[in-house]
Amino acid sequence: MAGAIIENMSTKKLVIVGVILLLFQAFAFMVGGLIAPSPTTAVHYLAIKCVDTVKHRQEAKWFMPWGPNQCDKIRSFDEASAKMIEANNIVFAVHIPLPDKEMSPWFQFMLVILQFDIAFKMYNQIEDGAMVTVDVGVAYRDDTVSEWTEMAHSYEQRKLNCNFTTSKTFENEGRYYECDLLPFMEVGSVAHKYYLLNIRLPVNERKKINVGIGEIKDVRLVGIHQNGGFTKVWFAMKTFLTPSILIIMIWYWRRITLMTRPPVLLEKVIFALGISMTFINIPVEWFSIGFNWTWMLLFGDIRQGIFYSMLLSFWIIFCGEHLMDQTERNRFSVYWKQVGPIVFGSFCLFIFDMCERGVQLTNPFYSIWASDVGTELAMAFIIVAGICACLYFLFLCFMVFQVFRNISGKRTSLPAMSKARRLHYEGLIFSWKEFTLCACPSIFVQVNEGHWHWGEHTVQVNSAFFTGIYGMWNLYVFAIMFLYAPSHKRYGDDQSRDAAANSGEDIQLTTTITHVDGPTEIYKMTGKEAQE
Amino acid sequence: MTEECVLRCALMLCCVLLSANASNWLYLAKLSSVGSIRDEETCERLRGLIHRQVQICKRSVEVMDAVRRGAQLAIDECQFQFRNRRWNCSTLESMPVFGKVVTQGTREAAFVYAISAASVAFAVTRACSSGELEKCGCDHNVHGVSPEGFQWSGCSDNIAYGVAFSQSFVDVRERSKGQSSSRALMNLHNNEAGRKAILAHMRVECKCHGVSGSCEVKTCWKAMPPFRKVGNVIKEKFDGATEVEQRKMGSAKVLVPRNSQFKPHTDEDLVYLEPSPDFCDHDPRTPGMLGTVGRQCNRTSKAIDGCELMCCGRGFQTQQVEVVDRCSCKFHWCCYVKCKQCRKMEEMHTCR
């Protein structure tokens, strides 16, 4: 009868393994904190107000805010009213990035957020539930001289959620409303060097388009992209981690196939966990440097979704298999009640993601939150997913409680037990502690923003958290596969006593991983009889 | 040797005399005739700049348009904030722009220095994000820039550049003489307080963009407050400004509150050296001291805009005037207003 490695390892070796894992963990944190820059950058853009002077403009004329061939600008709208320029002739132009810089595929994605500066005027206030309609086009080019190529063009509606914090009196005219950020554009790959956004706010009084949106003073954009340096560090990490997990996976599976019995459920689940980890690890993102794959964001979401649902299922099954009561499990169908919510919840999130990022593949300006129906639908998906998550955690907490109760029950009798059993339970308790220790940090990812200055070094806390947590999951999966791989060692002196199988303790032991192992079925029966 | 000494002394004297007019560069706002400042030669012709400022101008010509807009912004904001006070920040067509009012170390001077330092930082930052300037957050001459460049780690915030530029351009006058005179210390302190008014009121905004838009990944940035808000903050500091005097602390000279019972001022507070005049009467010897004769006042108010205080007890005249107002207007978000004209009679009170 072969137990898992964790049960057969000496305490000294376990400590060594633990220390090595801790060292790697610290290393993962340090890679992010010391080498990588902060994960993302937000760049502010202030739209230049261009005047579209040509009455019947030919299509696809692009307005450049600066540089050669720049448009006719106006500084303020007072100037525009003096020159009798109408709202429909004003184009807000934003060039991404700012002068003298280039975008790069290493930025991975680009999000743009829209903000209006709206001044309060007693007689021209924002109406309740005002919608703003933007006519927006985005174009790209790869050198500074060629023509712009259109990437997307769309009419979008966004809800203005503004409030005025001071009293609405003449005194306070000219103060700005405080408006919510409007999600504007999301592109899943940054394949080109220069991007140009042309935004119009057409007015049509008959159709009530852009009427009652107050007095707009400025249009501001915030562009968010991943930092090239962070991407490089991230890729390097993935490239290093993929083979490590792959190797331990192969080793693990070989060990299992070497055994005479078929693999038990827990072993299969651990293997599946390894597969999903490798799925995340495989650095397909390298291709995004060469190819314009806009679906990378969506794909990344799906990969993460699969891993997390696998991890959650693993925890449930791990708990269930360690319950140490007399019920027979070892079948996936036993866990449908607990795994069901995970599957359903992640399915909901998948649908939601397809509705948001899936549609963005064709229209980068699309946002499910822009329309009322979309918002309700999205909220419905998220709430259902939330309920599923709550259900899951209730189940999990209950199971954890049960396991701890059983273990502490066993613990009191630990010294009296034989060495094998003691090791087994100590291993269990150890893995439980590891599990709780590892699960906690991920909740506190968002504790702190920015960076710490530490002498001359700047520690990028956010990057450290990202690489640290990513490394942590990898180490977790690695450790699980290593420690729960079947051991070649035997329990030695226990063997004979186990064979006798006449104490009640034996049964509890056999309900864990080892219990399907060939002759254990007989033990079980004999054990049960003995108990009765 | 003695000749050199005399020369040096004369230079020093010149500097001290000039120092009072450290806000002369605000005159840029009045130079609409110059057009945009494009080449280095224009820098020489700009009135109101001292030599070191001309050098900065030559070194970064592209920023000067923003500086000029900043000067205009400062004047506009000053006039808005002081519209109801006896001194209403009225400008002259000559230098210094505000007349002699700001040459003494008064509260008003403190306000003008603070708002102008803030406005330069503000205008330069704005110019950065609209793409008019090329260096900005990625400029290696400005502190806080990562050495690896835009592609590796992005650039630092534009506000850092705006503030740094304001520091080098606006403060250069005081810095060039060393921090000796109490007036220089006061100006430097108020300039810094003005910039702090922006920095302390930066709005933090965040966007979540993790899996399915969750907050697993969150990016936060700081957005500059609207300038009206900056003006309001500095005006509040003006109302609670501290009167200070220079004292020696070891080898350094520092400004401490004149009344030792007051708690010491912070970096964000305004300080002044002399009490303000009452601004009641027109004084032909002090340019900019226009007095309150002919100013409109509010009859019902008990505050500084009330007729009692505004007219310094000289009384006021009341006239019936016909006001043509716009009413039942239709607005578009830009440039289009269609109104009816409504006429109504109103009482207008003006100071005698």
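Two strands are taken to pair if DSSP finds at least two bridges between them. In the predicted model described here, strand β3 (residues 242-249) of chain B and strand β4 (residues 252-257) of chain B are joined by 6 bridges and run antiparallel. Within this pair, B:Gln246 stands opposite B:Leu255 in β4(B). The hairpin formed by β3(B) and β4(B) has 2 residues between the strands, and in this hairpin B:Gly250 adopts a positive phi near 65 degrees. Strands of a sheet pair through backbone hydrogen bonds, in either a parallel or an antiparallel manner.

A further set of strands in chain B forms an open sheet of 3 strands, arranged in the order β6-β8-β7 with antiparallel pairing. Because β6 (296-297) and β7 of chain B each have a single partner strand, they stand at the edges of the sheet, and one side of each is left without a neighbour there. Between β7(B) and strand β8 (residues 337-351) of chain B, which run antiparallel, there are 14 bridges. One position in this pairing can be followed in detail. B:Glu347, which has its place in strand β8 of chain B, is the residue opposite which B:Gln320 stands. B:Glu347 and B:Gln320 are separated by 27 residues in sequence, yet their C-alpha atoms are 4.7 Å apart in space. When residues up to four places away in sequence are not counted, B:Glu347 touches B:Thr318 and B:Gln320. A residue is classed as exposed if 12 or fewer other C-beta atoms lie within 10 Å of its own; B:Glu347 has 9 such atoms within 10 Å and is therefore exposed.

Chain B as a whole contains 11 helices and 8 strands, and buried residues make up 39% of its 352 residues. Of the contacts in chain B with a separation of 6 or more, 64% are accounted for by residues 24 or more positions apart. The domain assignment of chain B gives domain 1 (20-199 + 227-284) and domain 2 (292-352), and the C-alpha centres of these two domains of chain B lie 32 Å apart. The contact between them takes 7 residues from domain 1 of chain B and 6 residues from domain 2 of chain B. On the side of domain 1 of chain B that touches domain 2 of chain B, the residues comprise 2 nonpolar, 2 polar and 3 charged.

Chain A has 14 helices and 14 strands, with buried residues making up 41% of its 532 residues. In chain A, residues 24 or more positions apart account for 82% of the contacts with a separation of 6 or more. An unreviewed UniProt entry annotates residues 233-253, 265-286, 306-323, 335-352, 377-404 and 464-485 of chain A as "transmembrane region". Among these spans, residues 233-253 of chain A are 100% helix and 0% strand, with end C-alpha atoms 30 Å apart, while residues 306-323 of chain A are 89% helix and 0% strand, with end C-alpha atoms 26 Å apart.

Helix α4 (residues 228-258) of chain A has 31 residues and reaches 45 Å from its first C-alpha to its last, close to the 45 Å expected at 1.5 Å a residue. The buried residues of α4(A) include A:Trp234, A:Met237, A:Leu241, A:Ile245, A:Ile248 and A:Tyr252. An α-helix has 3.6 residues a turn, so residues three or four places apart point the same way. The buried residues of α4(A) pack against α2 (11-35), β12 (215-226), α5 (265-281) and α11 (461-483) of chain A, together with α6 of chain B.

Chain A is divided into domain 1 (5-39 + 229-531) and domain 2 (41-225), and the contact between these domains takes 18 residues from domain 1 of chain A and 19 residues from domain 2 of chain A. On the side of domain 1 of chain A that touches domain 2 of chain A, two or more residues are given by each of α4, α6 (286-290) and α7 (296-321) of chain A, and the largest share, 3 residues, comes from α7(A). By class, this side of domain 1 of chain A has 10 nonpolar, 7 polar and 1 charged residues.

Between the two chains, 35 residues of chain B are in contact with 55 residues of chain A. At least two residues of the side of chain B that touches chain A are supplied by each of α5 (107-129), α6 (150-153), β1 (203-208), β2 (218-223) and β7 (316-331) of chain B. The residues on this side of chain B divide into 14 nonpolar, 13 polar and 8 charged.

How values were computed:
Residues are numbered from 1 along each chain as its sequence is written. Chains are lettered from A and ligands numbered from 1 in the order in which they are written. This is a predicted model: local features need pLDDT of at least 70, side-chain atom pairs count only at pLDDT 80 or more; totals for chains, interfaces and linings use all residues. UniProt positions are given in the numbering used here, feature names are shortened, and annotations may be inferred rather than shown by experiment. Helices (H or I, at least four residues) and strands (E, at least two) are DSSP runs, numbered from the N terminus. Ala, Val, Leu, Ile, Met, Phe, Trp, Tyr, Cys and Pro count as nonpolar, Asp, Glu, Lys and Arg as charged, and the others, Gly among them, as polar. A residue is buried if 20 or more other C-beta atoms lie within 10 Å of its own, exposed if 12 or fewer, and partly exposed in between; C-beta atoms are placed from the backbone. The expected span of a helix is 1.5 Å times one less than its number of residues. Domain bounds come from an automatic or database domain assignment.
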